[in-house]
Amino acid sequence: MKKDITYCGYIGIVGRTNVGKSSILNQLIGRKISITSHKSGTTQKNIVGIHTIKQHQCIYIDTPGIEIDRKNLEKNLFQNKYCMQLIIFVINKTKWLQLEDIILQKIKKFFIPIILIINKIDHIKNKTQLLPFINLIHKKHQFLSIIPISAKTGKNINILSNTISNNLPKSKYIFLQNNITIHSKEFIICEIIREKLIRLLNQEIPYLIKVQIERYWINSCGIHCIYAIILSQNIRQKKIIIGKNGNKIKKCYLLAKHDIQKYLNKKIILTLNIKTVKA
Ligand SMILES: Nc1nc2c(ncn2[C@@H]2O[C@H](COP(=O)(O)OP(=O)(O)OP(=O)(O)O)[C@@H](O)[C@H]2O)c(=O)[nH]1
Ligand SMILES: [Mg+2]
């Protein structure tokens, strides 16, 4: 490998909801860019994460999980198909359901190499299941590679990362070497707050809760001051977000503050407000 040659490309991460796509993106770039939760439908928009190492720039597109009703099957990832060089198709353990067949049929038509990821292997008690399963799915498509991993423990993430790097085309870098995402810090902060709400609230709160940053400034002591608004759709929702004696919103505040400080690597003053707006 010549020193001045660089490799660069877009990699789409696709699969049903909750299989661990966002967790994989975070592991691959070594930073938390994409929010995660055990509830379905956490990622709502494509999230772009960039990782540049040893002459390779990987630009990952984490997509909203595909749901049974397939409403979002054509959107998101598929808008970006023309610029992608690789697809990472993620499945949950050894579960290959009808939806996986449907997704595979769709992505096959892009004629882009597909790496199949069997995620959450830390949850597979009987590891002897893996080999026969791999043999089975091997017949479904000529995958570039089939890699069992755990985004939780990091197991085999290095194998995945090397496989991706080795299959990128020669190209100049598209982004600066120290870029890790294309999203603004305001967007990531809203996502962090949204993650806390999703994790703390029950299913009864729709995922339609939106978060906005109304003001962001740095005060004379260099502290980042963030004034964020949680938009609820009605009074009932607002009460649920506040919780008994304000316990839900307090928890959300503390968890979000912690993660935002970690993300910015700066001290922050966070103000959270809830506003009711008509949907
Ligand atoms: N045990 C285990 N849990 C995992 C692993 N990877 C992800 N998870 C968990 O699985 C849940 C879903 O992970 P996400 O990364 O949010 O999944 P996703 O596919 O991005 O989900 P959507 O955005 O809703 O489509 C979270 O609770 C993660 O912590 C893994 O390798 N092992
Ligand atoms: Mg996700």
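## Around ligand 1

A residue counts as near a molecule when one of its heavy atoms lies within 4 Å of it. In this predicted model, 23 residues surround ligand 1 in that sense, and the closest are Thr-17, Lys-21, Ser-23, Thr-43 and Asp-122. By class, the shell holds 16 polar, 5 charged and 2 nonpolar residues. Helix 1, which spans residues 21–29, gives the most to the shell, with 3 residues.

Let's look at some individual contacts. A polar side-chain atom of Lys-21 is 2.7 Å from an oxygen atom of ligand 1. For Thr-17, an N or O atom in the side chain lies 2.8 Å from an oxygen atom of ligand 1. Val-19 takes part through its backbone, with a polar atom there 3.2 Å from an oxygen atom of ligand 1. Taken alone, ligand 1 exposes 650 Å², and the protein buries 89% of that.

## The largest pocket

The space that ligand 1 takes is the largest pocket. This pocket holds about 590 Å³ of space. It is lined by 30 residues, and the closest to its centre are Gly-20, Ser-23, Thr-36, Ser-37 and Lys-120. Helix 1 supplies the largest share of the lining, 5 residues. The lining divides into 19 polar, 8 charged and 3 nonpolar residues.

## The second largest pocket

Here you will find about 330 Å³ of space. Residues lining the second largest pocket include Gln-44, Phe-187, Arg-194 and Tyr-207. Helix 5 (185–200) and strand 7 (210–218) each supply at least two lining residues, and helix 5 gives the most, with 4. The lining has 6 nonpolar, 4 charged and 1 polar residues.

Terms used. Residues are numbered from 1 along each chain as its sequence is written. Chains are lettered from A and ligands numbered from 1 in the order in which they are written. This is a predicted model: local features need pLDDT of at least 70, side-chain atom pairs count only at pLDDT 80 or more; totals for chains, interfaces and linings use all residues. Side-chain values use heavy atoms; hydrogens and water are left out. A polar contact is a pair of N or O atoms within 3.5 Å; within protein, one must be able to donate a hydrogen and the other to accept it, and residues adjacent in sequence count only if both atoms are side-chain atoms. Accessible areas come from the Shrake-Rupley method with a 1.4 Å probe; for residues, only the protein chains shown count as cover. On a 1 Å grid over the protein atoms alone, a cavity is a set of points where a 1.4 Å probe fits but cannot get out, and a pocket is an open set with protein on both sides within 12 Å along at least five of seven lines; lining residues have an atom within 4 Å of a point. A molecule sits in a cavity or pocket if more than half of its atoms lie within 2 Å of its grid points. Ala, Val, Leu, Ile, Met, Phe, Trp, Tyr, Cys and Pro count as nonpolar, Asp, Glu, Lys and Arg as charged, and the others, Gly among them, as polar. Grid points are joined across faces, edges and corners, and a volume is the space filled by probe spheres set on the points.
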